[in-house]
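Open the model in your viewer and keep the selection tool at hand. Each stop below says what to select next and what is there.

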Amino acid sequence: MWRRNFPKDAASRIQEIFKLNERPPTHDLESRSGFDKKELDGMKDVFRYFDRDQNRHLDQKELKELFKYQVGSQIHEQNFQTVFKKMDLNSDGVISFPEFVSHQSSRNKELPTTKVIHENFALFDRNEDGFLNLDEVRHLLLYMGEEAGRVDLRQLFVAVDSDKDGRITKKEFHKMMRDYFKR
C-alpha cells in the first residue's frame with residue numbers, strides 16, 4: 001500500500017544509496033581497516049588484476065590464483081576452503097573488495113594462535129622437510145606483503161635462525177610470527 005504513495009524519484013534515490021553501500025568508498029575502508037590510501041590502492045590493483053571476469057568479486061578460482069601469486073605455490077585445498085569461508089563474510093560464494101580488505105586487515109591485527117602458526121609453517125614448508133629455508137622465507141614475506149631485498153632477507157634469516165643451522169625450525173618460526181604480529 002505504501003509503495004503506491006512513494007514518489008518514484010525517492011525510491012530511485014534509496015536504491016542508489018543501497019548500491020553505494022554495497023561498495024564502500026575508499027576513505028571509509030581506510031578508517032575501518034587501518035590501511036592508508038596508498039595501501040588500499042595497491043590492494044585494489046591486485047584485486048582487479050585477479051578479478052578476471054571483471055565482476056568486482058573474486059570467485060574461488062580467482063582467489064586461488066591470487067594466493068598462488070602471493071605464496072609462490074599452490075595452497076592446500078583444505079586450507080584454502082577454510083580461508084575462503086572466513087573471508088566470505090556474507091556467505092555469497094564470492095569475495096568482494098571490502099571482504100578482501102577486511103581479511104587483510106584482520107591478518108595484520110590479530111595475534112595468531114599456535115595452531116594457526118603451525119598450519120602456516122606447513123603451508124610455507126614447500127619441500128616438507130620440517131624446516132624453512134631461505135627461499136621459503138622469501139615466499140612467506142611476499143605473502144605477508146613485505147618486500148625484502150637479498151641483503152635484508154639474509155639478515156632477517158640470520159636473526160631468526162637462533163641455532164645458526166641455516167634452517168628455521170617451527171619454534172623459531174613461531175617466535176618470528178609472534179614478533180611480527182605484535183608490531
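## First stop: one turn of a helix

Select F97 and F100. They are 3 residues apart in helix α7, so about one helical turn separates them. Helices here are DSSP runs of H or I with at least four residues (strands are runs of E with at least two), numbered from the N terminus.

Before going on, note that this is a predicted model, in which local features need pLDDT of at least 70 and side-chain atom pairs count only at pLDDT 80 or more, while totals for chains, interfaces and linings use all residues. Residues are numbered from 1 along each chain as its sequence is written, and side-chain values use heavy atoms, with hydrogens and water left out.

## The ring cluster

What is the angle between the ring planes of F47 and F97? Rings of Phe, Tyr and Trp (its six-membered ring) pair if their centres lie within 6.5 Å; planes under 30 degrees apart count as stacked, over 60 as edge-to-face and the rest as tilted. By this rule there are 7 aromatic pairs. In the pair F47 and F97, the planes stand at 75 degrees and the centres are 5.4 Å apart, so the pair is edge-to-face. This pair links distant parts of the chain, 50 residues apart: F47 belongs to helix α4 (residues 37–50) and F97 to helix α7 (residues 97–109).

Are these residues buried or exposed? Buried means under 20% relative accessible area, exposed over 50%, and partly exposed in between (1.4 Å probe, protein chains only). F47, at 4% relative accessibility, counts as buried, and F97 is buried at 12%. Now return to the rings of F97 and F100: their centres are 6.5 Å apart and their planes at 35 degrees, so this pair is tilted. F100 has 2% relative accessibility and also counts as buried. Ring pairs join F47, F97 and F100 into a cluster.

Leaving out residues up to four places away in sequence, F100 touches M43, F47, L66, M87 and I95.

Next, colour the largest nonpolar core, which has 34 residues. A nonpolar core is a set of buried Ala, Val, Leu, Ile, Met, Phe, Trp, Tyr and Cys residues joined through side-chain atoms within 4.5 Å. Which residues have the most contacts inside this core? They are L63, F67, F100 and F173. Among the elements that give two or more residues to this core are α4, α5 (60–71), α6 (77–87), α7 and α11 (170–182).

## Salt bridges

Select K64 and E77. A salt bridge is a side-chain nitrogen of Lys or Arg within 4 Å of a carboxyl oxygen of Asp or Glu. The whole structure has 6 salt bridges. In the one between K64 and E77, the closest N and O atoms are 2.7 Å apart. K64 lies in helix α5 and E77 in helix α6, so the pair ties together parts that are 13 residues apart in sequence. K64 is partly exposed at 26% relative accessible area, and E77 is partly exposed at 40%.

The C-alpha atoms of Q81 and K64 are separated by 9.9 Å, although the residues are 17 apart along the chain.

Move to R138 and D135, which form a salt bridge with closest N and O atoms 2.8 Å apart. Both lie in helix α9, 3 residues apart, about one turn of the helix.

Then select R167 and D165, whose side chains meet in a salt bridge (3.7 Å, N to O). Elsewhere, salt bridges that share partners join R126, D135 and R138 into one network.

## Charges over rings

A charge sits over a ring if NZ of Lys or CZ of Arg is within 6 Å of the ring centre and within 35 degrees of the ring normal. The charged end of R167 sits over the ring of F131, 3.5 Å from its centre. Select Y49 and R52 for another case: R52 lies over the face of Y49, at 4.6 Å from the ring centre.

## Last stop: confidence

Colour the chain by pLDDT, the predictor's confidence in each residue, from 0 to 100. The protein chain averages a pLDDT of 76, and 71% of the residues score at least 70. Select residues 1–8: pLDDT stays under 50 there, and the model has 2 contacts for them beyond four places in sequence. Residues 17–27 also have pLDDT below 50, with 6 contacts in the model beyond near neighbours in sequence. Where pLDDT is low, the predicted coordinates should not be read in detail.

Terms used: Contact means heavy atoms within 4.5 Å.
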